[in-house]
Amino acid sequence: MEYLFEIEGANFSVAGNASSTIKRALKQRNVDPAKIKRIVVALFEAEINVVAHADHGTIRVLIEENQVQMFVKDYGPGIEDVDLAMSEGYSTASNSVREMGFGAGMGLPNIKRNADVFEIESIKGLGTNAHIIIYL
Amino acid sequence: MLMNEIIKLIDARSVCGDVCTLSTDDFEFAFASDLMSDVLRLTYDKTMLITGLCNVQTIRTAEMAEINLIIICRGKKCDAQMLSIAKDCDICLLETDHSVYRVCGELYSYGIKPLY
Amino acid sequence: MKLSEIIKKLDLVVLNAANEDEDIKSAYASDLLSDVMGNAEAEELWITMQTHKNVAAIASLKDIPAVVLINNGKPDVDMLEHANLENVAVLVTNLACYEFCAKLYNLINCEL
């Protein structure tokens, strides 16, 4: 099964809709609830990152027999130093994002914690591509 | 442990879901935070969330973290979109005018344990 | 209750020179700076997991004598520098927000 979502930057009122759709789809397929939680937490953090930092982006989710793959692509400022961004507490979020309850520098570490595979590549000024796999 | 008593204890209003139909066995623990990535780290589901963050993301975060009771503090009011998403996700919402600090104090005295 | 007593009874680590004679009657737990700006009262203890510079700035603006960083939080270097300048005590607990609030609330309210 393949799902495709367009994500709008800065629109927090619909942020999480993609993750919610995937959660329902996984529940319908009777995926183990513990796996569902790992998948949707990773996806939700990635979705929030697009909304918080980028102009716009796309999320593609492939639900396969033995794994769920998520491709998150955004057109935004890019991440200057990916290793630094992966470290706990590091954040470039704006004050308004912080007031939305995000931007404390825990997003990428949370994705890493839940993912079996987490690859991220970023070009400054262009955007960021993330690939997340969680095995079922 | 009766959910009714918890509502009374913190002078809360139930604004979504029928909290009283929930068993307090569902809420062995409480967790307080305004930062959603912090909430998304919870590994144990039977937890109630005490927060001062009152927006759609509060509800979405609870949905992803499998939390089905949120106590919104500091007199904040849930809007229609929040209520509608919470209803779809079977999440109960309580609102109280008290601060997060006070709600934590009261619930702890009542026997709700900290998760960490 | 004197800040020194709270520090002792709740095992807080003190990161800078605190005015330990300060009398604390209540606290405000929040990670949202706008809430603290709008709602925290002077002379309350501020409990948070935010560790950036604005925390010290807002504490000073609001006459908050001390900030407690939960979960063993480490303040950013500029937060601590700013706190030193503004005489805001920076304290650290290994507890999470719920348990720290609960213990402080019961400690202060037992005394009253």
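How many residues from chain B and from chain A does the contact between them take? In this predicted model, local features need pLDDT of at least 70 and side-chain atom pairs count only at pLDDT 80 or more, while totals for chains, interfaces and linings use all residues. Residues are numbered from 1 along each chain as its sequence is written, with chains lettered from A and ligands numbered from 1 in the order in which they are written.

The contact takes 18 residues from chain B and 19 residues from chain A, two residues being in contact if their C-beta atoms, placed from the backbone, lie within 7 Å. On the side of chain B that touches chain A, helix 2 (36-39) and helix 3 (56-65) each supply at least two residues; helices are DSSP runs (H or I, at least four residues) numbered from the N terminus. Helix 3 of chain B gives the most to this side, with 7 residues. By class, the side comprises 7 nonpolar, 5 polar and 6 charged residues, where Ala, Val, Leu, Ile, Met, Phe, Trp, Tyr, Cys and Pro count as nonpolar, Asp, Glu, Lys and Arg as charged, and the others, Gly among them, as polar.

The axes of helix 2 (residues 33-53) of chain A and helix 3 of chain B come within 8 Å and cross at roughly 150 degrees; axes are lines fitted to C-alpha atoms over the stretch in contact, with angles from 0 to 180 degrees between N-to-C directions. The two helices are therefore roughly antiparallel (angles over 145 degrees). Here A:V40, A:V41 and A:F44 meet B:R60, B:M64 and B:A65, a set of 5 nonpolar, no polar and 1 charged residues.

Notes: Parallel < 35°, antiparallel > 145°, perpendicular 65-115°, else oblique.
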